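Work through the exercises below with the sequence and the model open. Try each task before you read its solution.

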Amino acid sequence: MIIQIMGNVRFQITLDPSTWIFDDRKEELDKILRNDADEEQIDFSDSKEWNRQIIEGTTKPPTLKSEKKFKKQQLLDGTFAICLKPFLEYAEPVRGEDAMITFTHEADTTILPYDARHTFYAHFSRDGKQLYEDGLIDVLVIKEGEIETRLEHVSGIRFD
């Protein structure tokens, strides 16, 4: 099933959640919820040592075959979401930052502000399977590593 971004936009966008499993912008939901901004940072203060490690190689890289196998297994077992921000921006709302977005979902409709788009995630995969047989998604509003709102079985996105 496809989901259209329509309404008061310069470009109507069609989303196909079944293709997102191959999209490099997808993230594991657990990683988003852990808020990995606190992830270990690389220190570049000793650039000589850093360059030596790059040139000489401190560890042997995994073979391409085992790397592909790991990624395939991750896709088969993973729970993924993708940020909706770029898709919403590509549609170019006519009202700009003042636009409001109406999400049509199982329970009803929910109106959210466009300027909070960086917190909107499309949850499309659980344990390597689609969330719903019809291919629809849940939209999660994630702030500070926690799900603030879950809109289940979203079938439409419309700018007002």
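**Exercise 1. The chain as a whole**

Among contacts in the chain between residues at least 6 apart in sequence, what percentage join residues at least 24 apart?

Solution. Start with the ground rules. The model is predicted, so local features need pLDDT of at least 70, side-chain atom pairs count only at pLDDT 80 or more, and totals for chains, interfaces and linings use all residues. Residues are numbered from 1 along each chain as its sequence is written, and side-chain values use heavy atoms, with hydrogens and water left out.

Next, the term: a contact means heavy atoms within 4.5 Å. The share asked for is 64%.

Then take the inventory. The chain has four helices and eleven strands. Helices (H or I, at least four residues) and strands (E, at least two) are DSSP runs, numbered from the N terminus. Of the 160 residues, 35% count as buried. Buried means under 20% relative accessible area, exposed over 50%, and partly exposed in between (1.4 Å probe, protein chains only).

**Exercise 2. On to strand 10**

Solution. Begin with cover. Strand 9 is largely enclosed by the rest of the structure, because six of its seven residues are buried.

Now the pairing. Six bridges join strand 9 to strand 10, and the two run antiparallel. Ile142 stands opposite Ile147 of strand 10. In this hairpin, two residues lie between the strands, and Glu144 has a positive phi near 50°.

Finish with His153. His153 belongs to strand 10 (residues 146–154). His153 counts as buried because its relative accessible area is 18%. Leaving aside neighbours within four places in sequence, its contacts include Tyr132, Asp134, Leu136 and Asp138.

**Exercise 3. The nonpolar cores**

Which residues touch the most other members of the largest nonpolar core?

Solution. Define the set first. A nonpolar core is a set of buried Ala, Val, Leu, Ile, Met, Phe, Trp, Tyr and Cys residues joined through side-chain atoms within 4.5 Å. The largest one has 30 residues, and Leu84 and Phe103 touch the most other members. Apart from it lies another core of seven residues, including Leu29, Cys83, Leu140 and Ile142.

Then list contacts for Phe103. Beyond its neighbours within four places in sequence, they include Leu84, Phe120, Val139, Leu151 and Ile157.

**Exercise 4. Glu92**

Is Glu92 buried or partly exposed?

Solution. Glu92 sits in the loop between helix 4 (85–90) and strand 5 (100–104). Its relative accessible area is 35%, so Glu92 is partly exposed. Its phi is near 50°, a positive value in a residue other than glycine.

Notes:
Two strands pair if DSSP finds at least two bridges between them.
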